[in-house]
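Me: I'd like to learn how to read a model like this one, feature by feature. Can we start with what burial means?

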Amino acid sequence: MVSSQGSTLSADVMSLVDTLPVLAKTLIAGGAAGAVAKTAVAPLERIKILLQTRTNDFRSLGLTHSLKKVLQCDGPLGFYKGNGASVIRIIPYAALHYMTYEVYRDWILENNLPLGSGPLVDLVAGSAAGGTAVLCTYPLDLARTKLAYQVSDTGQSFRGGTIGFYRQPACSGIREVLTMAYKEGGPRGLYRGIGPTLIGILPYAGLKFYIYEELKRHVPEEHQNSVRMHLPCGALAGLFGQTLTYPLDVVRRQMQVENLQPMTNDGSNKRYKNTFDGLNTIVRTQGWRQLFAGLSINYIKIVPSVAIGFAVYESMKSWLRIPPRERSKPA
């Protein structure tokens with residue numbers, strides 16, 4: 001009896017799924033992929049942000065001691081500080097990213113643009129999709145960074161015990177962060193750091209899809225829907241793409257938390273004029289190694305994150321019965 005009811009419910013759900021347009025199914029698949037992937041690596045993402053931005057407190061601690069310090073200051077839930085904003089952001093971000101990638105790719109192929117029909121199409125479509133998703137969801141990324149930056153004992157330096165002076169009090173939630181950012185800089189305040197984000201996401205997103213599709217092209221067609229294929233292809237795609245654009249991510253994070261950084265002895269606070277000023281200032285004042293702070297953690301994080309994202313996305317596409325698209329042919 002119970003089994004019969006379960007079968008009926010499952011049939012009803014799949015019947016409802018079949019009525020959804022393909023774009024809606026793609027949005028659902030992309031959102032699910034992003035949420036699962038982000039939550040899986042949230043503790044590592046928190047540590048990476050702290051290494052990128054809290055140069056005086058975490059720079060010399062390394063991964064293990066940073067994890068201990070966060071546990072000591074914020075408890076176990078501290079590893080997921082800001083993850084709520086991250087998940088709220090990543091669902092529409094990933095949904096838009098994957099969906100617009102399919103839309104841009106189909107549009108390029110249908111309009112016979114001079115890009116051929118090979119991997120160059122994936123590169124251009126992926127870059128455009130990444131830029132679109134960033135523009136639509138950036139304020140939530142700003143909130144996620146500001147929340148993750150805050151540590152419970154922000155008034156104390158972890159090493160020297162000296163008191164720091166912060167320009168703003170700690171924020172307790174997404175709404176408070178966004179309200180404070182808007183009051184400080186208006187709409188532009190909500191998009192502080194968007195420059196390096198766009199400069200980085202265009203090649204990163206394009207390379208990610210390009211490499212992923214290129215790797216898939218060398219896999220026998222009968223294994224195209226295998227999770228064992230999606231995991232390594234997705235992992236390698238994320239690894240290469242993230243490495244090439246990582247310094248821009250450091251600049252973005254530091255720009256996002258400028259108003260939370262400790263003031264210097266003269267009461268001033270560093271503020272980067274633009275992306276290139278940020279890169280130059282970081283190299284001059286913090287050393288070129290700071291441009292790669294947290295990169296080793298990023299390697300640990302990005303491989304499972306992108307791999308899980310692609311695997312969940314492909315699995316959801318299969319469950320939602322999204323018809324397979326035309327495979328790109330080598331140029």
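Reply: Buried means under 20% relative accessible area, exposed over 50%, and partly exposed in between, using a 1.4 Å probe and protein chains only. Before the case itself: this is a predicted model, where local features need pLDDT of at least 70, side-chain atom pairs count only at pLDDT 80 or more, and totals for chains, interfaces and linings use all residues. Residues are numbered from 1 along each chain as its sequence is written, and side-chain values use heavy atoms, with hydrogens and water left out.

Me: OK, is Gln52 buried or exposed?

Reply: Gln52 has a relative accessible area of 0%, so it counts as buried. Across the protein chain, 51% of the 331 residues are buried.

Me: Where does Gln52 sit, and which residues does Gln52 touch?

Reply: Helices are DSSP runs of H or I with at least four residues, strands are E runs of at least two, and both are numbered from the N terminus. Gln52 belongs to helix α3, residues 42-53. A contact means heavy atoms within 4.5 Å. Leaving out residues up to four places away in sequence, Gln52 touches Tyr246, Asp249, Val250, Arg253, Gln254, Gln290 and Ala293.

Me: How many helices and strands are there in the protein chain?

Reply: The protein chain has 12 helices and zero strands. As for contacts with a separation of 6 or more, 81% of them join residues 24 or more positions apart.

Me: How do I check the span of a helix?

Reply: Multiply 1.5 Å by one less than its number of residues. Helix α2 (residues 22-40) has 19 residues and should span 27 Å, which agrees with the 27 Å between its end C-alpha atoms. Its buried residues include Lys25, Thr26 and Lys38.

Me: Which residues lie nearest the centre of the largest cavity?

Reply: Of its 34 lining residues, Lys38, Tyr93, Ile201, Tyr204 and Gln242 lie nearest the centre. Helices α2, α3 and α6 (83-110) are among those that each supply at least two residues of that lining.

Technical notes. 1 Å grid on protein atoms, 1.4 Å probe; cavity = no way out; pocket = protein on both sides within 12 Å on 5 of 7 lines; lining within 4 Å.
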